[in-house]
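Please have the sequence and the coordinates open as you read.

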Protein chains: 4
Amino acid sequence: MIIYMARDKNHYSSILEKLRERSASYRVASLYGKTLIIAWPDSLAEGLSDPSVEAVYRVRKPYVLTSREWKTENTLVNVRGVEIGGKRVIIAAGPCSVEDEEQMIDIARRLKSLGVSILRGGAFKPRTSPYSFQGLGEKGLKILKRISDEVGIPVVSEIMDPRDVNLFREYIDILQIGARNSQNFVLLREAGRSGKPVLLKRGFGNTVDEWLNSAEYILLEGNGSVIICERGIRSFETGTRFTIDIGGIALAKKLTHLPVCADPSHPAGRRDLVAHLALASIAAGADMLLIEVHPNPEKALSDSEQQLSIEEFSQLMDSMRSVARAVGRDI
Amino acid sequence: MIIYMARDKNHYSSILEKLRERSASYRVASLYGKTLIIAWPDSLAEGLSDPSVEAVYRVRKPYVLTSREWKTENTLVNVRGVEIGGKRVIIAAGPCSVEDEEQMIDIARRLKSLGVSILRGGAFKPRTSPYSFQGLGEKGLKILKRISDEVGIPVVSEIMDPRDVNLFREYIDILQIGARNSQNFVLLREAGRSGKPVLLKRGFGNTVDEWLNSAEYILLEGNGSVIICERGIRSFETGTRFTIDIGGIALAKKLTHLPVCADPSHPAGRRDLVAHLALASIAAGADMLLIEVHPNPEKALSDSEQQLSIEEFSQLMDSMRSVARAVGRDI
Amino acid sequence: MIIYMARDKNHYSSILEKLRERSASYRVASLYGKTLIIAWPDSLAEGLSDPSVEAVYRVRKPYVLTSREWKTENTLVNVRGVEIGGKRVIIAAGPCSVEDEEQMIDIARRLKSLGVSILRGGAFKPRTSPYSFQGLGEKGLKILKRISDEVGIPVVSEIMDPRDVNLFREYIDILQIGARNSQNFVLLREAGRSGKPVLLKRGFGNTVDEWLNSAEYILLEGNGSVIICERGIRSFETGTRFTIDIGGIALAKKLTHLPVCADPSHPAGRRDLVAHLALASIAAGADMLLIEVHPNPEKALSDSEQQLSIEEFSQLMDSMRSVARAVGRDI
Amino acid sequence: MIIYMARDKNHYSSILEKLRERSASYRVASLYGKTLIIAWPDSLAEGLSDPSVEAVYRVRKPYVLTSREWKTENTLVNVRGVEIGGKRVIIAAGPCSVEDEEQMIDIARRLKSLGVSILRGGAFKPRTSPYSFQGLGEKGLKILKRISDEVGIPVVSEIMDPRDVNLFREYIDILQIGARNSQNFVLLREAGRSGKPVLLKRGFGNTVDEWLNSAEYILLEGNGSVIICERGIRSFETGTRFTIDIGGIALAKKLTHLPVCADPSHPAGRRDLVAHLALASIAAGADMLLIEVHPNPEKALSDSEQQLSIEEFSQLMDSMRSVARAVGRDI
């Protein structure tokens, strides 16, 4: 249950006291310019009257703040001037892993000139095997920061450790929570508290419902700058690396006000399918795309099979622009 | 192994005799204007020399005739003048089940005027429960035939019984093999022998590889007019009825020369998602769409949740036209 | 809705007339020694009063005759004196395909001496690829019949074509419907009408609910001798060929009165896992097991990876006896 | 590649120097009484000769230390005298969450008297929704510690935050990594460094291969006391909460020397199926079971549907003893 306060902070104490009397749980959060009390379970918070209460929203979904029932209009996430969730489809691109500063700055410049708004690059890499390349770590974050400043492009990078939040706050513009950590609730809460925009990937074993509940953990910390990202789920099909859930993208757009991103690279798993999945995602309503591009894909230290070359990506940009226009959007 | 004959039929006997001597299996088929001998296993057919042999193709896929390794150019399936697999994206639409002749003729006219090229309608309905509406049967086929003639539009309808092939030959332009019969090899063979174009749905528990192998059963009977159709697979996600495998559509286009159709209605399972999946399918490269449209969806005897109204479909046609153009195609 | 008739056939006409007046659908069936009218939908059949009606059962499941709500006690399927569904766990075993008569008669004798009650062997083989061995067909059925008579053991074999029912009636004791035909409703109905016991495999893409609905098609034809068989479902796990759904076996036992069989060979996909799955199935409550055994597994024409040798199977019989006793059953 | 050292620590420097020269990665670990160098990738570590090297093992699996290729005999994990992985099947039981000290101590005593060797209880609960009961946290750990001491039974409890390792070291005997954190590599590493026995659940979206790779992260920190636990995977079946992968248990036993545990409660999702899954797991070869038991399941604050009452559990213990004996084990 979401409780809107009528006027000012002074009135808090009385309504919170009443919730405590009823043994209800609650959280006070500032979200989208409003101060709210989220109280649960509904059965205990119901029928509460207090002069400070302006309105009460009862949401029938398991997630409340994330739901479009409560907030009907699209949320815009602003990252250093780049607006995600509006008419423009935002393209984030870059190599799977940060490998080398010079290479990285070169690709950042070229991608920006092609119309890319956000640079992606992994510094801490979650790898199935401990013997795979684990990323450059903090050194990678610093490289990203220097490039971001020099080229003038915000960066997104994956955080794996809740103890790294301050490090990421310093160097990175969007904290990415990866698929393997999509129900790492400790990390979700810390990302929420960081105040930074968060890109939350859907776990490959998670339902749309679980994905939105994970977002709720971030919003409940008072952080409304969340982009949710579909990156393929597990199915029995092995011809592609994962099964991109295009229906899940469309469904998520109905259920939540948050911007929905698509990652066509991981589900494709092979270079020649990435463009098809990217265009399909835009056609289905995605607000943002996250695409792996590498100056020399064959030599990439991770995911070499699925990264596009600059030339392939440049062609894809043209196609994406056409499809975006066809569904009433820009790139 | 595919063996091309050099000149004329007279030479057959000698090469077939050699295959028999080696205990190889073989089938003679006329496909795409060529007479071929398909011989297997490769190990037994290998190294065969005969003056009648012009060329031999060794295919590394489990399916041979279906593969793009053998036939690189796209196959065009011609249904009474409607060409599937070319630049134009073909739209097939109509109600889930044929329920009533007047209603059906009215909707056929309206759909045709909107640009629909093929009418769909179920007469024999495969239903999970024996207590669900099973379709009008032969009566439904006759209604479809009359409408087809009167409105001037070819029709596609599902065949479930191999003993019904002659019935379908008389009344129906495209034999649909449904998802539940996608590995009913008896039915596949009979559909192959019918000589009629076949629309083969992918089973919701089948891999892309199995789907293409099922098509091979039809081609091996000398019937090359096969359209394969993705209609959603089973995954753990329950927010949509099935998970449309957009990656599977893109992958199938790489692997086979046959036209690939998408059915966005069944995976959506709910009206408000159908358009998103339809547009995504076109963006991903589908050659044809099969969409459920009903004059009064709420009153439909089957699949009422997912059928579009004429108005909704009319809007979708406009959007599909835009997306088709964006990817270099027409509707 | 199931309607029990009070006395004799004379009264039929009146109640059926009433159902027709209400536009309800119905079917008269003799099942388990009772004559029943199954009428649907419930809404139309409700509140019907007639002197001939003794009792009415309303079932809340989508399947009616298959459900334990209606028939609470276990159904025993009797196959030439072998009783399936009782205290004794019945073992059916034999090679994947009938390949050779001498080999087959030898293995039949050895299996029988080890305690096997039913011989399995495929004559018509549903194969993913048309180029794989398709079985000996009618010749295989005749071999099975001769062996069955000579050795004194009933046989189960898979039927794929509804036109083959008379052939199977002549030669085979239990008609097997394979996983790929588990929703081939035409074949289900013909198997129902055959009057022969039917072993119905669960489709690898089908839910327990769909599996039980498929059984309902058979029962509705008045054939109550149905054994349902779990053989593994599709999941993302590729380390085993299929994922045996042990929970599905246990669940099915709760939902239906029909005997539940398990096939541990197909989900294992490799010889060294078959025993584990067989023992687990018995521990979970399976009434019957269907196991692939071959005199020379490495040389088998199909499924060579997963067939047990006689020696391996002999050991497994001992283990199965122990586990059966541990859960209060015999073998 | 695993390098065994011939004699003493002095020789380290030389071989490590050689690995550094070749740019190979390496880790020195003490495992199962041996000091090892794990070096990778194989291509860089190959052909290394040094007087200090006694033997080199090349493992063809992606995981090395976890594999049975390297260590063929079963690993025994010793938890305060309870030996997991030996002839005896170890039963861990207790409520989903620690709710109340008195209730907990009572159930601990009753479970111990029934033959339970390890007490389970959740203090930090990973819940899909932030509005569900999150556990008592540190207070719950302290309750578990007091009970453990008073009743004389080791306890297992789930850790979610890498910063809590010291807390868990003080209070808990086995650190459980839950399904949602099974690829939280940061947490895996910290659990490895803790030196405490770890029970690693398989993620419901993870393959057996990924599960074993996750265990490798723990072993690579020098902690060989790892029990891996199957708790059901996601499939399309919704009749049970998850699909217990009995084949995965059997497969894991072949691939790894680590003890394999089964959790029958979560995949069942309903009380009346738990026993079937428990017995099947033992029959399939599980070394340990983890079962939810609650003094009053209907009033449980989490997972109330699937927790057994003491009476139900007591009966299950008898059945488990019988099945364990039938497969040559004890309880």
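Predicted model: local features only at pLDDT ≥ 70, side-chain atom pairs only at ≥ 80, totals over all residues.

**Chain B against chain A**

Let us begin with the overall figures. On chain B, 34 residues are in contact with 34 residues of chain A. Together the two chains bury about 2,700 Å² between them, and carbon and sulfur atoms give 73% of that area.

Polar links are found here too. The rule finds six residue pairs in polar contact across this interface, both residues being at pLDDT 80 or more. There are also two salt bridges between chain B and chain A; one of them joins the side chains of E237(A) and R202(B), at 2.8 Å from N to O.

Which elements give two or more residues to the side of chain B that touches chain A? They are α8, α10 and α11 of chain B, and α10(B) gives the most, with eight residues. The classes of the residues on this side of chain B are as follows.

| Class | Residues on the side of chain B that touches chain A |
|---|---|
| Nonpolar | 17 residues |
| Polar | 10 residues |

**A lysine in chain D**

Now for K125(D), which sits in the loop between β8 (118-120) and α4 (138-152) of chain D. K125(D) is buried but has no salt bridge. How far away is the nearest side chain of opposite charge? That side chain belongs to E158(D), 5.4 Å away, whereas a salt bridge calls for a distance within 4 Å.

Leaving out residues up to four places away in sequence, K125(D) touches several others, including C96(D), S97(D), R120(D), F133(D) and M160(D).

Technical notes:
Residues numbered from 1 in each chain as written. Chains lettered and ligands numbered in written order. Heavy atoms only, no water. Contact = heavy atoms within 4.5 Å. Buried area = accessible area lost by both parts, 1.4 Å probe. Polar contact = N/O pair within 3.5 Å; in protein donor to acceptor, adjacent residues only side chain to side chain. Helix = DSSP H or I, 4+ residues; strand = E, 2+ residues; numbered from the N terminus. Nonpolar A, V, L, I, M, F, W, Y, C, P; charged D, E, K, R; others polar. Buried < 20%, exposed > 50% of the residue type's maximum accessible area, 1.4 Å probe, protein only. Lys, Arg positive; Asp, Glu negative; His and termini not counted.
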